[in-house]
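User: Please take me through one part of this structure slowly. I would like to begin with a single residue and then see what surrounds the topic.

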Amino acid sequence: MTETAGPDRVASAEQIGLSAREAAAAPLGTTAPRDASSWAKKVDRLQVDQRDGVRGTNVAGRRLTGPVQGFGKMWQKTYRMDAGPEIEPERAIATWREHFPEFWPKGNRFAGALTGINPGDVALLDLSIGGGVKLSTGVFVLYADAESFTLMTPQGHMFAGWITFSAEREGDTTTVQAQVLMRANDPLYEMAMTMGGHRKEDKFWAATLTALGQRLGVESPKVETRSTCVDTKRQWRHARNVWHNSMIRSVLQTLKVQAGG
Amino acid sequence: MDVPAITMDVRRVGETTAVVDIRGEVTAACEPVLMSAYEAAGGSATSRLVLNFAGLEYMNSGGIGMIVTLLVRANRQRQELAAYGLSEHYREIFELTRLDEAITIYDSEESALNGVVR
């Protein structure tokens, strides 16, 4: 037997008034929601063509992995930069989407679609992990609109989760940020993250934001980093994700090429 | 940051279940509203939380992140999360992001509550 108590309201009526106006423009159930074109269509496994300049392995046929599927502690890492009063958020994001690979630190390759970053695109990555080895993996463009875009990772990537790049007006200035919501994908990656991996990732995204700031004309861009452990528990039921580990596979692929050459 | 265009009304259904009626836009900006609703619906007596998305008008990737954060909090309290009222579009987003593997999706409130109240 159940009983229903009265509603416990937690937001103001004015706020719903704004939504009602927007709902009137696109009544529920009659038209596609206005975010429909921003989301990628559902995929079960990634499909991708070979691209120049990257090895292109460890992506085709893989499933996407979100924070729910990862192994390690769950982190939310935010990298923010004040882009100044003259840069509009839309311009910052348009520049980022169009020239995304150009802002990456040296030694790392991002081979995306020629048209920039759009929902449903798959990009192939070669990431420098030291010792002359490149970690070959990829990312999927989960979401993209004028003020943000989100990349999601496949099985075997260092982490399971997504990275959202966004820009917004805060008072007189525009703030640009990258926010990672992630768990290390398997026990080996979790160990690697605690032994310098997090620090390396922080440097990677700080360098990326700095390069973006310079392109936007920001004088002496400063990046603020904030990391929060959202969940300290490790998900041992996902320890077997190690089977897909792209770092191990990349090392083996490199050795195979060297042995063959 | 923009004021979130959202309301979340909390209804208690029985002693161990709460339903959160979500109306408006789920984005990163809705975090305070979502967490207030969770507090209103939570407590150690609540073992399952049902999210009603029938009034969902818009959701971006920041909003999905908020739901993941809510899921973590619920799991920490050993509470189960369920959802209903998702349109085909939003159901596909739950499947794409594989959130459906952690949040059980039902077709209606009745079926969600039948799944909840044993």
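Analyst: Start with Asp35(A). This is a predicted model. Asp35(A) counts as buried because 21 C-beta neighbours lie inside 10 Å, and the cut-off for buried is 20 or more. Where does Asp35(A) lie? Its place is the loop of chain A between helix H1 (13–25) and strand S2 (64–65).

Now look at its contacts. Set aside the neighbours within four places in sequence. Asp35(A) is then in contact with Tyr58(B), Met59(B) and Asn60(B). Compare a residue of its own chain: Gln214(A) is 179 residues along from Asp35(A), and their C-alpha atoms are separated by 31 Å.

Next, follow chain B. Strand S3 of chain B covers residues 48–59. Helix H2 of chain B covers 61–76. Both pack against the buried residues of helix H3(B), and so does strand S5 (104–106) of chain B.

Which residues of H3(B) are buried? The helix spans residues 88–96, and the buried ones are Tyr90(B), Ile93(B), Phe94(B) and Leu96(B). Look down the axis of H3(B): these buried residues fall within an arc of 165°, so they line one face of the helix. After H3(B) comes Arg98(B). Its phi is positive, near 60°.

Turn to the nonpolar core. The largest one has 96 residues. Within this core, Phe140(A) and Val20(B) touch the most other members. What does Phe140(A) contact, leaving aside neighbours within four places in sequence? The list is Ala40(A), Leu46(A), Leu64(A), Val122(A), Leu151(A), Met152(A) and Pro154(A).

Finish with a strand of chain A. Two strands are joined to S9(A) here. Strand S3 (residues 74–84) of chain A is joined to S9(A) by 10 bridges, and the two run antiparallel. One pair to find is Arg80(A) with its bridge partner in S9(A), Gln177(A). Strand S8 (residues 159–170) of chain A is joined to S9(A) by 12 bridges, again antiparallel. Here Arg169(A) stands opposite Thr174(A) of S9(A).

S8(A) and S9(A) form a hairpin with 2 residues between the strands. What is the phi of Gly171(A) in this hairpin? Gly171(A) takes a positive phi near 65°.

Note on methods
Residues numbered from 1 in each chain as written. Chains lettered and ligands numbered in written order. Predicted model: local features only at pLDDT ≥ 70, side-chain atom pairs only at ≥ 80, totals over all residues. Buried ≥ 20, exposed ≤ 12 C-beta atoms within 10 Å, placed from the backbone. Helix = DSSP H or I, 4+ residues; strand = E, 2+ residues; numbered from the N terminus. Arc of directions from axis to C-beta. Contact = placed C-beta atoms within 7 Å. Core = buried A, V, L, I, M, F, W, Y, C linked by C-beta atoms within 7 Å. Pairing = 2+ DSSP bridges.
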